[in-house]
Amino acid sequence: MPKKKGNIPRSKAFTSKMALNCVQLTPDGRQRLNLSFKALDAVPACIQSLCRVDELILSRNLIISLPDFIHDFINIQVLDLHSNYLEQIPPSLGLLKNLVILNLCNNRLTQVPKELGLLQNLQMLYMGLNRLQMLPTAIGNLKELVYIGLSDNKFASVPKCLAQLQKLEKVNLDRNPFPPPPGEKKVEIPRKFHLAHACDLCENCLNNCRTDRRKLVEATQIKEPTSGHVA
């Protein structure tokens with residue numbers, strides 16, 4: 001029988017029994033509902049009956065939005081949504097006051113709601129690999145935050161709200177389109193050199209690359225006049 005036009009493949013029906021089989025006990029005695037790698041295109045409504053779990057893992061699926069009932073998971077300390085297709089986060093996420101770790105990496109977020117600033121126990125916030133250009137000022141209210149990941153986004157400057165985070169220990173802003181500092185010279189790579197990851201090279205090639213790099217650095221230092229000052 002020929003396929004109907006416009007027929008969009010969807011994830012298989014996910015039942016309460018299937019969800020119950022995904023509940024795990026962590027080494028420290030917490031209950032984790034692990035729905036990672038289930039090809040879900042939506043958060044199954046049947047998991048509402050399991051809203052007392054401590055961790056909710058929905059990573060590596062096809063989810064494009066979060067349901068209203070997400071705020072029923074008031075006990076969760078870990079919410080992992082990385083590697084989905086989320087374009088926005090509902091403000092109701094700010095009601096999950098026990099959250100310690102929130103992972104929103106590798107989605108399609110262009111903004112996050114100011115209500116995230118209500119997560120007063122949040123310590124780790126992962127938002128790398130999205131399309132963010134700015135953060136709401138309310139993020140500065142996350143007084144327990146020690147780490148925030150913002151790599152591979154579209155930030156042209158460091159978000160000012162980060163200065164308000166008194167316990168913040170580390171920020172990852174790698175691979176954002178920051179403009180170069182005034183007067184900074186563009187580094188030209190000689191044509192005979194090629195960029196490669198060290199893990200992709202054999203030991204001999206890696207040693208040769210290190211030797212060539214050392215020679216290039218030494219040659220550059222010889223050409224630059226010394227100012228007589230010690231940095």
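Here is a quick tour of this structure, going from its sheet to its core, its charged pairs and its cysteines.

This is a predicted model, where local features need pLDDT of at least 70, side-chain atom pairs count only at pLDDT 80 or more, and totals for chains, interfaces and linings use all residues. Residues are numbered from 1 along each chain as its sequence is written, and side-chain values use heavy atoms, with hydrogens and water left out. The chain has an open sheet of eight strands, a largest nonpolar core of 48 residues, five salt bridges and zero disulfides.

**The sheet**

- Helices (H or I, at least four residues) and strands (E, at least two) are DSSP runs, numbered from the N terminus.
- The eight strands of the open sheet follow the order S1-S2-S3-S4-S5-S6-S7-S8, and their pairing is mixed; two strands pair if DSSP finds at least two bridges between them.
- Strand S1 (23–25) and S8 each have a single partner strand, so these two stand at the edges with one side left without a neighbour in the sheet.
- From one strand to the next, the twist averages 10 degrees (axes are lines fitted to C-alpha atoms, for helices over the stretch in contact, and angles run from 0 to 180 degrees between N-to-C directions).
- S6 and S7 run parallel and are joined by three bridges.
- Leu-125 has Ile-148 in S7 standing opposite.

**The nonpolar core**

- A nonpolar core is a set of buried Ala, Val, Leu, Ile, Met, Phe, Trp, Tyr and Cys residues joined through side-chain atoms within 4.5 Å.
- Buried means under 20% relative accessible area, exposed means over 50%, and partly exposed is in between (1.4 Å probe, protein chains only).
- In the largest core, with its 48 residues, Ile-47, Leu-102 and Leu-135 have the most contacts inside it.
- In soluble globular proteins, nonpolar side chains tend to be buried together.
- Not counting residues up to four places away in sequence, Leu-135 touches Val-112, Met-127, Ile-148, Leu-150, Phe-155, Pro-159, Cys-161 and Leu-162; contact means heavy atoms within 4.5 Å.

- Leu-56 belongs to strand S3 (residues 55–57) and is buried, at a relative accessible area of 0%.
- Beyond its neighbours within four places in sequence, Leu-56 has contacts that include Leu-33, Ile-47, Ile-70 and Phe-73.
- Leu-56 is 24 residues from Arg-32 in sequence, yet their C-alpha atoms are 6.0 Å apart in space.
- Leu-104 sits in the loop between strand S5 (101–103) and S6, and this leucine is buried too, with a relative accessible area of 0%.
- Setting aside neighbours within four places in sequence, Leu-104 is in contact with residues including Leu-81, Ile-89, Tyr-126 and Met-127.
- Leu-104 and Leu-86 are 18 residues apart along the chain, with 8.6 Å between their C-alpha atoms.

**Salt bridges**

- A salt bridge is a side-chain nitrogen of Lys or Arg within 4 Å of a carboxyl oxygen of Asp or Glu, and the whole structure has five of them.
- One joins Arg-32 and Glu-55, whose closest N and O atoms are 2.6 Å apart. Arg-32 lies in strand S2 (residues 31–34) and Glu-55 in strand S3, so the pair ties together parts that are 23 residues apart in sequence.
- Arg-32 is partly exposed at 26% relative accessibility, while Glu-55 is buried at 4%.
- These two are also linked with Asp-28 and Arg-30 in a network of salt bridges.
- Glu-144 and Lys-167 meet through their side chains at 2.9 Å, N to O. Glu-144 is in the loop between strand S6 (124–126) and strand S7 (147–149), and Lys-167 is in the loop between S7 and strand S8 (170–172).
- Both partners are partly exposed: Glu-144 has a relative accessible area of 28% and Lys-167 has 42%.
- Arg-175 pairs with Asp-152, with 2.8 Å between the closest N and O atoms. Arg-175 is in the loop between S8 and helix H2 (203–223), and Asp-152 is in the loop between S7 and S8.
- Arg-175 is exposed at 58% relative accessible area, whereas Asp-152 is partly exposed at 22%.

**Cysteines**

- There are zero disulfides here (a disulfide is a pair of cysteine sulfur atoms within 2.5 Å).
- For Cys-22, the nearest cysteine sulfur is that of Cys-46, 9.4 Å away.
- Cys-22 is buried at 10% relative accessible area, and Cys-46 counts as buried at 19%.
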